[in-house]
Amino acid sequence: MKRLIATALTGIMLLSPFTAFAFEPIDAYVGDEWSTTIDGLQIAKDTDGKDAVAIIMTYTNTGSKAESPMSTMIYRAYQDGKELELAYVDSDNEVPVEGSSITSVFDGASVQFAEYFVLQSSTPEIKFQADSFASDGELITLSLEDAGAE
């Protein structure tokens with residue numbers, strides 16, 4: 001029975017709707033009150049069945065009060081020179097991360113979360129920008145080829 005359950009779980013993992021990619025974290029934004037890194041990408045389907053990319057990030061609060069990524073940062077993704085729309089995914093397509101963009105953390109603590117964007121073409125290059133409400137962050141180039149996107 002244990003072997004049957006282990007085989008079933010292995011099959012479920014192999015047939016996951018994602019194509020996963022992890023890489024060395026990239027500093028996306030470092031500010032006085034918080035910083036964020038890009039930890040990886042995953043390709044998934046949104047609720048309309050469209051291809052989407054999940055950009056997996058870690059947000060670290062370096063300020064003096066509890067904050068969340070959503071309350072302190074703006075993030076954008078671009079493909080073919082156009083800003084990508086946010087994607088909505090159901091629980092079957094969510095990336096397994098510890099928190100969300102609304103998870104608050106205190107000074108020195110971090111939370112990992114994913115933000116989803118609808119892909120508009122097969123162009124493998126994505127530009128990503130994370131910044132605060134008061135300043136612009138660096139534009140970072142990410143490759144979907146490394147994530148297994150077609």
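I started with Glu125 and Lys127, which form a salt bridge whose closest N and O atoms are 3.7 Å apart. I count a salt bridge when a side-chain nitrogen of Lys or Arg is within 4 Å of a carboxyl oxygen of Asp or Glu. Glu125 is partly exposed at 40% relative accessibility, and Lys127 is partly exposed at 28%. My cut-offs for relative accessible area are under 20% for buried, over 50% for exposed and partly exposed in between, with a 1.4 Å probe and protein chains only.

I note that this is a predicted model, in which local features need pLDDT of at least 70, side-chain atom pairs count only at pLDDT 80 or more, and totals for chains, interfaces and linings use all residues. Residues are numbered from 1 along each chain as its sequence is written, and side-chain values use heavy atoms, with hydrogens and water left out.

Next I looked up the other salt bridges; the rule gives four. Lys45 and Asp51 meet through their side chains at 2.6 Å, N to O. Lys45 has a relative accessible area of 35% and is partly exposed; Asp51, at 37%, is also partly exposed.

Asp131 pairs with Arg76, with 3.3 Å between the closest N and O atoms. This pair links distant parts of the chain, as Asp131 sits in strand β7 and Arg76 in strand β4, 55 residues apart. I took strands as DSSP E runs of at least two residues and helices as H or I runs of at least four, numbered from the N terminus. Asp131 is buried at 1% relative accessible area, whereas Arg76 is partly exposed at 22%.

I then turned to the nonpolar cores, each a set of buried Ala, Val, Leu, Ile, Met, Phe, Trp, Tyr and Cys residues joined through side-chain atoms within 4.5 Å. The largest has 26 residues, and among those touching the most other members are Ile38, Met57, Phe117 and Phe128. Elements that give it two or more residues include β1 (19-30), β2 (34-45) and β3 (51-61). A second, separate core has nine residues, including Ile56, Ala87, Val95 and Val118.

Last entry: the lining of the largest pocket. Its 18 lining residues include Ser100, Ser101, Ala114, Glu115 and Tyr116, which are the closest to the pocket centre. A pocket here is an open set of points on a 1 Å grid over the protein atoms alone, where a 1.4 Å probe fits, with protein on both sides within 12 Å along at least five of seven lines; lining residues have an atom within 4 Å of a point. I find that β4 and β6 each supply at least two residues of the lining.
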